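This briefing covers the fold, the nonpolar cores, the aromatic pairing and selected residues of the chain shown below.

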Amino acid sequence: MSEARERMQQELMDLGAWLTEHPEARKNLKPVRSRVVLDPGVYYNSGTGMIERVHTPQHIALGTRMFRVNSDPAAPIEKIRRRVLGRK
C-alpha cells in the first residue's frame, strides 16, 4: 500500500510542477478568492506549486492563491489529471 501511496504523491507533485510551468492551464481550475476556510477537496497552491488533498476544513492565510481542482479529496489521480489538463 505504501508504494501506491508514494506513487500517487509523486504524480500529484509532478502535476503541480507541470501547472507551475504552464500557468495558462489554471483556466481549467476554479480560483478560491474569498474563503479563509477551505472545504474538503483537492487544491492547487500556486505559492508552493503543489497539489494538495484537504480532508477536513482548513484555514488558509489571506493572500494565498489556491485553485480548486476537485471537491472530492479521495478523487483518483486520473480524474485529477484530466481536470488539470482540461480534458473531460
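The chain contains 2 helices and 6 strands, in the sequence order α-β-β-β-β-β-β-α; helices (H or I, at least four residues) and strands (E, at least two) are DSSP runs, numbered from the N terminus. The radius of gyration is 12 Å, close to the 12 Å that the globule rule gives for 88 residues, so the chain is as compact as a globular protein of that length. The radius is taken over C-alpha atoms, and the globule rule is 2.2 Å times the number of residues to the power 0.38. This is a predicted model, in which local features need pLDDT of at least 70 and side-chain atom pairs count only at pLDDT 80 or more, whereas totals for chains, interfaces and linings use all residues. Residues are numbered from 1 along each chain as its sequence is written, and side-chain values use heavy atoms, with hydrogens and water left out.

**Overall dimensions and surface**

- The C-alpha trace spans about 35 × 30 × 25 Å along its principal axes.
- The accessible surface comes to about 5,900 Å², of which 52% belongs to carbon and sulfur atoms; areas come from the Shrake-Rupley method with a 1.4 Å probe, and for residues only the protein chains shown count as cover.
- Of the 88 residues, 31% count as buried (under 20% relative accessible area, with exposed over 50% and partly exposed in between; 1.4 Å probe, protein chains only).
- Among contacts (heavy atoms within 4.5 Å) between residues at least 6 apart in sequence, 54% join residues at least 24 apart.

**Nonpolar cores**

- In the largest nonpolar core, which has 14 residues, Leu-19, Tyr-44, Ile-51, Val-69, Ile-80 and Val-84 touch the most other members. Such a core is a set of buried Ala, Val, Leu, Ile, Met, Phe, Trp, Tyr and Cys residues joined through side-chain atoms within 4.5 Å.
- Two or more residues of this core come from each of α1 (2-21), β3, β6 and α2 (77-85).
- Another core, of 6 residues, lies apart from it and includes Val-32, Leu-38, Tyr-43 and Met-66.
- Beyond its neighbours within four places in sequence, Ile-51 is in contact with residues including Leu-12, Leu-15, Leu-19, Tyr-44 and Val-84.

**Aromatic pair**

- The structure holds 1 aromatic pair.
- Tyr-44 and Phe-67 form this pair, which is tilted, at 6.2 Å centre to centre and 35 degrees between the planes. Rings of Phe, Tyr and Trp (its six-membered ring) pair if their centres lie within 6.5 Å; planes under 30 degrees apart count as stacked, over 60 as edge-to-face and the rest as tilted.
- The pair links distant parts of the chain, with Tyr-44 in strand β3 (residues 41-45) and Phe-67 in strand β6 (residues 66-70), 23 residues apart.
- Both Tyr-44 and Phe-67 are buried.

**Buried asparagines**

- Asn-45 belongs to strand β3 and counts as buried at 10% relative accessibility.
- A polar atom of the Asn-45 side chain lies 2.9 Å from the backbone nitrogen of Gly-47.
- Asn-70 belongs to strand β6 and is buried, with a relative accessible area of 11%.
- The side chain of Asn-70 reaches the backbone nitrogen of Asp-72 at 2.8 Å.

**Pro-73**

- Pro-73 lies in the loop between β6 and α2 and counts as buried at 13% relative accessibility.
- Not counting residues up to four places away in sequence, Pro-73 touches Pro-40, Gly-41, Val-42, Arg-53, Val-54 and His-55.

Conventions
Polar contact = N/O pair within 3.5 Å; in protein donor to acceptor, adjacent residues only side chain to side chain.
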